[in-house]
Amino acid sequence: MKFAQIIDFETQRIDEVRDLLRTYEEQARSQGRTGAPTARTLLRDRANPGRYLAVVEFESHEAAMTNSSAPETSELAEQLSALMTRPSVYTDCDVQDE
């Protein structure tokens, strides 16, 4: 079953966040890393312009856990947290329908 993680975060440095995410995704693809995300959607809250939601999709929960344990993912999380104005909130979801 496909798996998605919703990451709710706030930042005033969204361009830097985007750059980090793109670099991470390009490296994952070029290295053929197992468990890498299959898709990502970035949403901005219209009522609160500094708030964003990232919807990250994986082939399965197991793939997401493999990705989560990768050293590259830990490094990305550290870099991203430095750009946030509050701790991120994570919601794990099983994809029911597309």
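What volume does the second largest pocket have? About 150 Å³. Here a pocket is an open set of points on a 1 Å grid over the protein atoms alone, where a 1.4 Å probe fits, with protein on both sides within 12 Å along at least five of seven lines. The volume is the space filled by probe spheres set on the points, which are joined across faces, edges and corners.

A word before you click: this is a predicted model, where local features need pLDDT of at least 70 and side-chain atom pairs count only at pLDDT 80 or more, while totals for chains, interfaces and linings use all residues. Residues are numbered from 1 along each chain as its sequence is written, and side-chain values use heavy atoms, leaving out hydrogens and water.

**First stop: the second largest pocket**

Select its lining (residues with an atom within 4 Å of a point), including Tyr24, Glu25, Gly32 and Arg40. H1 and strand E2 (39-44) each give two or more residues to this lining; helices (H or I, at least four residues) and strands (E, at least two) are DSSP runs, numbered from the N terminus. H1 provides the largest share, four residues.

**Next stop: the largest pocket**

This one has a volume of about 540 Å³. Among its 26 lining residues, pick Gln5, Ile7, Thr73, Leu76 and Tyr90, the closest to its centre. Now colour helix H3 (71-81), which brings the largest share of the lining, six residues. Strand E1 (3-10) and helix H1 (14-31) are also among the elements supplying at least two residues each.
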